[in-house]
Amino acid sequence: VARCTKRNQVYYLNANRVVERMPAGCFAPKHQLKKFSSSNNNPRIAVNDRYVAVSNAEGYKLHLYCFSSKTWQPYFAGIDKEWLRSLKFHPDGDLISLNNDSWLRKYRISDTEAPLMIWESQATDNKACAMCVDQNTGLVYVTGPNHMLYIISPGIIVITY
């Protein structure tokens with residue numbers, strides 16, 4: 001589930017691999033954006049004011065929906081056969097992914113070109129569990145083994161607790 005504050009809508013990927021949206025705060029009729037033919041067991045979704053991103057659908061691809069053109073584009077997310085544990089949009093509009101090998105990657109998203117990788121970092125030696133992005137500071141937080149919290153800024157580990 002992901003919320004787009006600017007549009008006041010909630011986006012989610014249901015059990016039938018369908019991306020749907022509905023107004024935040026109510027159970028109004030849903031609107032279907034996309035039905036995927038397949039996905040692995042870990043589909044992820046992220047939303048900002050320009051895009052909806054869905055990972056791990058139809059062959060480990062990253063699918064991007066552009067609000068302005070109302071179109072979906074499929075891309076490989078990192079290397080082929082790699083699934084993503086987490087997807088989040090950075091406050092600058094870039095997309096940050098955490099893959100199953102604990103690699104964080106930041107991608108510049110474009111309406112007309114494939115995502116361009118800006119930086120990558122492997123903070124947790126193959127044991128990252130989850131990631132979030134602070135929408136005020138842009139810092140990336142990653143949980144790791146032994147109750148560790150990694151705080152990452154432009155691809156560099158800043159602090160671990």
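Buried means under 20% relative accessible area, exposed over 50%, and partly exposed in between (1.4 Å probe, protein chains only). Strands (E, at least two residues) are DSSP runs, numbered from the N terminus.

This is a predicted model: local features need pLDDT of at least 70, side-chain atom pairs count only at pLDDT 80 or more, and totals for chains, interfaces and linings use all residues. Residues are numbered from 1 along each chain as its sequence is written, and side-chain values use heavy atoms, with hydrogens and water left out.

**Exercise 1. Describe how E10 is covered and where its side chains point.**

Step 1: Start with the count. In E10, 5 of its 5 residues are buried, so the strand is mostly covered by the definition above.

Step 2: Recall a rule. In a regular strand the side chains alternate between the two faces of the sheet.

Step 3: Look at the strand itself. Leu95, Ser97 and Asn99 point one way from E10, while Ile96 and Leu98 point the other way.

**Exercise 2. Find the strands that pair with E10, and the bridge partners of serine 97.**

Two strands pair if DSSP finds at least two bridges between them.

Step 1: Go to strand E9 (residues 84–89), which pairs with E10 in the antiparallel sense over 5 bridges. Here leucine 87 has serine 97 as its bridge partner.

Step 2: Now take E11. E10 and E11 also pair in the antiparallel sense, over 4 bridges, and serine 97 has arginine 105 as its bridge partner in E11.

Step 3: Check the turns. The hairpin of E9 and E10 has 5 residues between the strands, and glycine 93 in its turn has a positive phi of about 100°. The hairpin of E10 and E11 has 3 residues between the strands, with serine 102 in the turn.

**Exercise 3. Decide for lysine 70 and serine 102: buried or exposed?**

Step 1: Remember the background. Most residues other than glycine have a negative phi.

Step 2: Take lysine 70, in the loop between strand E7 (61–66) and strand E8 (71–76). Its phi is positive, near 55°. Lysine 70 is exposed because its relative accessibility is 61%.

Step 3: Take serine 102, in the loop between strand E10 (95–99) and strand E11 (103–108). Its phi is positive too, about 70°. Serine 102 is buried because its relative accessibility is 2%.
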